[in-house]
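Subject: Structure handover and findings

Dear colleague,

I am passing on the structure we spoke of, together with an account of what a look through it turned up. Please read the notes below with the model open beside them.

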Amino acid sequence: MVGPTEKSPSKNISEKKSGKQLTIALAGNANVGKSVIFNELTGSNQIIGNWPGKTIERAEGKLHFEGYDINVVDLPGIYSFSTYSLEEIVSREYIAFEKPDVVINVVDAAVLERNLFFTMQLIEMEVPLVVCINQIDIAKQKGIVIDTEKLQAALGVPVVATVAVRGEGLHELMDIATEIAEKKGDKFVTLEYGSEVENRINKLTDLIQSKNLKLGYPSRWVAIKLIENDPEIQKLVRSKSEEVVNLAYDLAGEIEDIHREPSFSVIASERYSLANRIAEGAQMQSEIKITFSEKLDRIVTHRFYGYITSALVIGGLLLWTFVVGNFFSGLLSDAFSFFQPVDPQISGGIASVLWNGAFGGLVSGITLVIPFVIPFYLMLSLIENSGILTRVAFMMDTAMHKIGLHGKALIPMILGYGCNVPAIDQTRILETRRERLLASFAITFAPCAARTIIILGLVAVFVNVWWAIALYAIDLMIIFAWGRIALKVVPGESTGLIMEMHSFKVPSVSVAFKQTWTRIKSLIYLVFPIYIIGSAFVQALYVIGALGPINAALTPITVLWLGLPAITGVLLIFGAVRKEFTLLILVALVGPNLAAVLTPVQFIVLALVGLLYIPCLSTITILIREFGWRAATAISAANLVTAIIIGGIAFRLLSLVF
C-alpha cells in the first residue's frame, strides 16, 4: 500500500462556523453500536423525525460538552455510499451538502476489515473524520487486539477506542471530535489504489477540477463514483458536462478490459484489498477460542433448533406483551374509573357526551396503547441489542419470502399484534417502498390489542376459547392469502436479506429504555389526538341521530348478508375510530348479558368482521402519512371487502354447525 498522501481541502469544506455551535454526525454500518453512542451522548434530549421528502427516520440530539453546544445526528446504518437504498442516498447527501463539523465513523472492532470498507468511502468524501473503534471488549473476547496508533497512521485520521455500552472512551472521543472540528482547515488524506485504477481516477479528477462544475461533492469522490457507474452521479454530472461523463465511460471501460470484470466490482475489490492490508497491520489475533456467543450462534441458526428458538422468542415476546399489558391496562382502567366512569356515553347533553368521548379516548390511549406498546418496545430493544433478533429474522426469511417480504419484516409484523400504528411505523427498517407497503398491508390484518379484546370479549366468553383460537388461525390464513395476492399485484421485485449478525452481547437496560422512549414519542403524538377527537365526535353523531341513516343503509350487508343484528352498522362505525368500541357500544346499548341478544353464530361472525374490516382511524392516518391517500384507501377497501365476503361465508357455514 502506498501511504496516505495529503491534499488541500475543497474551499466549501474549510469554512469554519462561528461560536461554540457544532454539528457531529455518527456514521457507520448497522449493528456497530452507533445508536448506543448516540443515546449515551444525548440521553433523552432527542428529536425523532423524517429526512425531508423521505420516509427514513432522522434522529438528532443535543449535547453540551466542554463549552460546546453540539447537535448530534445519527445517520442510518449503511455499508456504502451507493444508490441502492434511501438510507445510503440520505447519508451521502447529508454529509456532502449539510457539511457537519465532524463525522464520527463508528466501527465494530471485531470485524475491522469489513467496516473499513465504509471508512475509506468517508475518507474519499473529504470530511473532518474521527474513527471510533467500538466494542473492543467483544473483540478481546475473540482474541483480537487493535493497535489504534498503527491504525491511525495507516488511515491518516484520528482513531479512538470505546466500549459504548459502559461509556468507556466517550469523553476522549468527544475531546478529539471537538478538536478536529476546530481544525477543519487541515489537509485531508488520500488512500491510493492500484496504479491502473489510481492513474485513471487522477486523470478524471483533474478534468472535473478544470471544469469547475460546482457539484457539491469532492472531485476525487465524483471521479470514483463515475468510474463505478453510479447512476445518480452520472445524471448530476451530465447536466454540467457531457465531456466528463464520456471520459469516465472510456476510463471505466479500460479498467474493465484489464480486470475482466465490471468497474464497480474492481473498485470494491481495491477497497477490500486496501482494508485487508490496513486491518492486518493494525490488529493482532491471539489463539482462537470458540466463545459462548459462537456456540449459542450455532444453536439459534441451526436448521432445526433455530426454528424452535425463533418460535420461543416470538411467542415469548407476544406472551410478555399481553400478560404485562393486560396487567397494567387493568390497573390504569381501575384508576381512571375511580375518578369518572370511562364507558362510552350514548345519551344526554352534547357537552356531557363530548366530554365523555374525549375523556374515554384519553383513557383508551393510556390503557390500550401505553401498557402494550411500552413493554413490547422495551423487550424488543433488549432482544434487538442482544443480537438474537437478527438470527430470528434470518431463520424466518424463507417463510416471509412466500408473501414477498424478507426476514426483517417479521419485526414489524410481530409488533402489529400489540398495535398496528407503531408496527407500520417500524416498517421503515425495510429497504424499499414496495416492501414497506406489502408489510403494512399485512399488518392491518394483524389482531392488535383492541381486536383481541373483541375476540375474547365476544367469542371466548360467550362461545368458547377454541373458537377464539380458530379466529386467530383464520386471520393468519387470510394474511398469507392476501400477501400472495399483493405480491403479484404490487409492481417490483423482492429483495434478498442482507443483515449484519453481530456477536451476542448483554444488552444495556438504560439504552433499551432510551430507545423505547424515542420510539413511542411519535406514536403518542399521533394516536392520542385521534382517539380523543374521534371518540368525542362519533359519540356526538350518535346522540344527535346522524348515524341512524347510515346504519339503515348498511342493513342489506349487516343483516341480510352477515346475519347480524340491525344495530351492527352503528357498532362498526364506532369501531372504525377505536376497535374496542365495537364491544363497548354493544354493551352500552343492550346491557352486559349479550347472550340474550346474540346467537353463538352472531358472536363469532361479529368478532370476525370486527377483526377484518377497515383499520382504525389511527392506522389509516399513519398509512396516509407513510404511503399517501391512494394506498391507504386501497388497503382499507381490501380490508372491508375481505370482512364482508369472509363474514358472509362464515355466517352460512356456521349456521350448519350451531
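Helices, in what follows, are DSSP runs of H or I with at least four residues, and they are numbered from the N terminus. Please also keep in mind that this is a predicted model.

The patch is formed by I557, W561, V641, I645, I649, L653, L656, V657 and F658, which together have about 850 Å² of accessible area. Two helices, α24 (555–561) and α29 (629–657), each supply at least two of the patch residues. One of the residues in helix α29 is I649, and it counts as partly exposed because its relative accessibility is 41%, which falls between the 20% below which a residue is buried and the 50% above which it is exposed.

Strand β6 (residues 102–108) gives another picture, being mostly covered, with seven of its seven residues buried. In a regular strand the side chains alternate between the two faces of the sheet. In β6 both faces are covered, with V102, I104, V106 and D108 buried on one side and V103, N105 and V107 buried on the other.

The pairing of β6 can be followed to two other strands. Strand β2 (residues 21–28) runs parallel to β6 and is joined to it by five bridges, and within this pairing A25 has V103 as its bridge partner in β6. Strand β7 (residues 129–134) also pairs with β6 in the parallel sense, here over six bridges, and C132 in β7 is the residue that stands opposite V106.

Finally, the aromatic rings: a search of the whole structure finds twelve aromatic pairs. Among them is the pair of F304 and Y305, which is edge-to-face, with 5.2 Å from centre to centre and 70 degrees between the planes. Y305 itself counts as partly exposed, because its relative accessibility is 46%. Elsewhere, F97, Y217 and W221 are linked into a cluster by ring pairs.

With best wishes

Note on methods: Residues numbered from 1 in each chain as written. Predicted model: local features only at pLDDT ≥ 70, side-chain atom pairs only at ≥ 80, totals over all residues. Heavy atoms only, no water. Patch = residues over 30% accessible without salt bridge, like charges linked within 9 Å, V, L, I, M, F, W, Y side chains within 5 Å. Areas by Shrake-Rupley, 256 points an atom, 1.4 Å probe, with all protein chains shown as cover. Salt bridge = Lys/Arg side-chain N within 4 Å of Asp/Glu carboxyl O. Buried < 20%, exposed > 50% of the residue type's maximum accessible area, 1.4 Å probe, protein only. Pairing = 2+ DSSP bridges. Phe/Tyr/Trp six-rings, centres within 6.5 Å; stacked < 30°, edge-to-face > 60°.
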